[in-house]
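Biologist: I have a model open on my screen and would like to learn how to read it. Could you walk me through some features, one at a time?

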Amino acid sequence: MYDLPTRFNVGLMDPNFPDNTPVTARNIPAWRWNDGLRKQHSVEYWMMASLLYEGNDESGSTREAVRVMDPESADVFFVPFFSSLSFNVHVRNMAELNTVDEKLQLEMVNILKASDYWKRSGGRDHVIPVHHPNAFRHYRDDINASIFIVADFGRIMNISRLAKDVVAPYPHMVESYISENQEDPYKSRETLLFFRGRTKRKDEGKIRAQLHKMLNGTKDVIYEEGYASEEGFKASAEQMRSSKFCLHPAGDTPSSCRLFDAIVSHCVPVIVSDKIELPFESEIDYKDFSIFFSVNEALEPGYLINELRGVSKEKWIKMWSQIKSISHHFEFQYPPKNEDSVNMIWRQVKHKVPAVKLAVHGVGG
């Protein structure tokens with residue numbers, strides 16, 4: 001992991017953190033949990049924190065990535081630039097010129113290009129989180145040989161691809177449903193389908209307004225406008241916990257944190273998309289606990305609701321049980337725990353290493 005001045009990472013969380021003080025497990029600031037939109041793209045923080053962690057989990061936790069101090073023995077090089085947080089902190093509107101964010105991006109590119117390890121691989125063995133769709137947007141072309149950690153490929157399809165990059169989940173915004181032990185969860189979840197969010201979105205997200213028009217007023221369906229706020233997340237958590245299915249239409253990009261809120265609320269996700277890459281698909285089969293609809297299917301009057309009403313109690317319980325068994329893979333926490341989100345992400349990175357080594361040594365192109 002590169003040792004960067006803290007203006008690239010934790011200084012964005014705490015402006016009083018001295019710029020040239022090394023970040024360690026003992027002084028890394030705790031994440032501010034209630035910080036809505038910034039939290040959604042905080043993967044960069046959890047990845048950095050996991051590499052700083054020095055403790056040993058007594059329950060026999062296995063760590064998928066460990067920081068080494070000798071660069072010659074590293075499989076990959078992690079770049080702890082909080083590019084998503086930099087965008088959220090420093091950019092007020094997209095038309096601004098010469099923002100602090102843009103300057104940090106250029107400075108970061110110059111640091112990398114001066115590094116012998118970057119030069120040796122052309123950046124192919126470097127891991128760079130760009131989870132927010134506008135993260136590192138000015139200089140992404142300069143770093144596109146690297147392994148990107150992305151939310152989806154919505155905006156960066158031209159330089160991001162599954163062969164080299166890793167899709168990471170959004171940290172969930174609602175509290176995890178730890179204590180759900182109802183004898184009959186099917187009966188206790190009286191709402192058939194729930195959605196709460198902004199209905200006016202760009203690009204793929206236009207479907208939200210169309211679905212709102214079609215589903216609003218349907219029996220056993222809650223489809224309501226809502227905004228990111230602490231009260232909003234609490235209201236969503238309550239509704240998700242009392243709904244059988246939770247709707248996941250596209251936002252401004254194909255993915256959103258809503259899917260992961262549904263998973264930790266044990267609400268069966270209903271995913272509406274024609275193209276979506278999901279985290280950890282090589283290890284998790286989403287069809288075991290989610291229902292997928294194309295955009296055309298979802299917009300066919302009555303079709304989606306009739307399909308959901310047709311899901312038997314037995315099938316729903318099976319999906320609900322499966323969600324409960326995989327939801328720990330979508331938890332971000334410090335210290336990291338066995339099989340949690342950050343360890344799953346690192347394991348996905350590990351799968352990329354053989355191809356990277358081939359490419360670096362000129363065998364695989």
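Biologist: Which residue stands opposite Phe-78 in E2?

Modeller: Phe-78 stands opposite Val-127 of E2. Helices (H or I, at least four residues) and strands (E, at least two) are DSSP runs, numbered from the N terminus. Two strands pair if DSSP finds at least two bridges between them, and E1 and E2 pair in the parallel sense over two bridges. Before we go on, this is a predicted model, in which local features need pLDDT of at least 70, side-chain atom pairs count only at pLDDT 80 or more, and totals for chains, interfaces and linings use all residues. Residues are numbered from 1 along each chain as its sequence is written, and side-chain values use heavy atoms, with hydrogens and water left out.

Biologist: Thanks! Which residue in E3 does Val-127 stand opposite?

Modeller: Val-127 stands opposite Ile-147 in E3, and E2 pairs with E3 in the parallel sense over three bridges. Moving along, E3 (residues 147-150) and E4 pair in the parallel sense over two bridges, with Val-150 opposite Val-167 of E4. Put together, this is an open sheet of four strands in the order E1-E2-E3-E4, with parallel pairing. At its edges are E1 (77-78) and E4 (166-167), each pairing on one side only.

Biologist: Are the faces of strand E2 covered or uncovered?

Modeller: For that we need burial: buried means under 20% relative accessible area, exposed over 50%, and partly exposed in between (1.4 Å probe, protein chains only). In E2 (residues 126-129), both faces are covered. His-126 and Ile-128 are buried on one side, and Val-127 and Pro-129 are buried on the other.

Biologist: What is the strand order in the open sheet of five strands?

Modeller: The order there is E6-E5-E7-E8-E9, again with parallel pairing. E6 (221-225) and E9 (291-293) stand at the edges with a single partner strand each, so one side of each has no neighbour in the sheet. On average, neighbouring strands are turned by 20° against each other, direction ignored. Angles are taken between N-to-C directions and run from 0 to 180 degrees, with axes as lines fitted to C-alpha atoms, for helices over the stretch in contact. E5 (residues 191-197) pairs with E6 in the parallel sense over five bridges, and Arg-196 stands opposite Glu-224 in E6. Helix H13 (residues 313-326) packs on this sheet and touches E7 (243-249), E8 (268-272) and E9. The direction of H13 makes about 95° with that of E8.

Biologist: How do I describe two packed helices?

Modeller: Use the angle between their axes and the distance between the axes. Here, the axes of H2 (residues 43-52) and H14 (residues 341-360) come within 10 Å and cross at roughly 85°. Angles under 35 degrees count as roughly parallel, over 145 as roughly antiparallel, 65 to 115 as roughly perpendicular and the rest as oblique. H2 and H14 are therefore roughly perpendicular to each other. In their contact (heavy atoms within 4.5 Å), H2 contributes Val-43, Trp-46, Met-47, Ser-50 and Leu-51, while H14 contributes Val-342, Ile-345 and Trp-346.

Biologist: Which residues does Trp-31 contact?

Modeller: Leaving aside neighbours within four places in sequence, the contacts of Trp-31 include Met-13, Tyr-45, Trp-46 and Leu-85. Trp-31 lies in the segment before H1 (36-40) and is buried, with a relative accessible area of 8%. Met-13 and Trp-31 are 18 residues apart in sequence and 8.1 Å apart in space, C-alpha to C-alpha.

Biologist: What should I know about backbone angles?

Modeller: Most residues other than glycine have a negative phi, and most peptide bonds are trans. Asn-98 is not a glycine, although its phi is positive at about 55°. Asn-98 sits in the loop between H3 (83-90) and H4 (100-113) and is exposed, with a relative accessible area of 56%. Asp-220, also not a glycine, has a positive phi of about 65°. The place of Asp-220 is the loop between H8 (207-215) and E6, where Asp-220 is partly exposed at 32% relative accessible area.

Biologist: Where is the cis peptide bond?

Modeller: Look between Tyr-334 and Pro-335, where omega is about 0°. Pro-335 belongs to the loop between H13 and H14.
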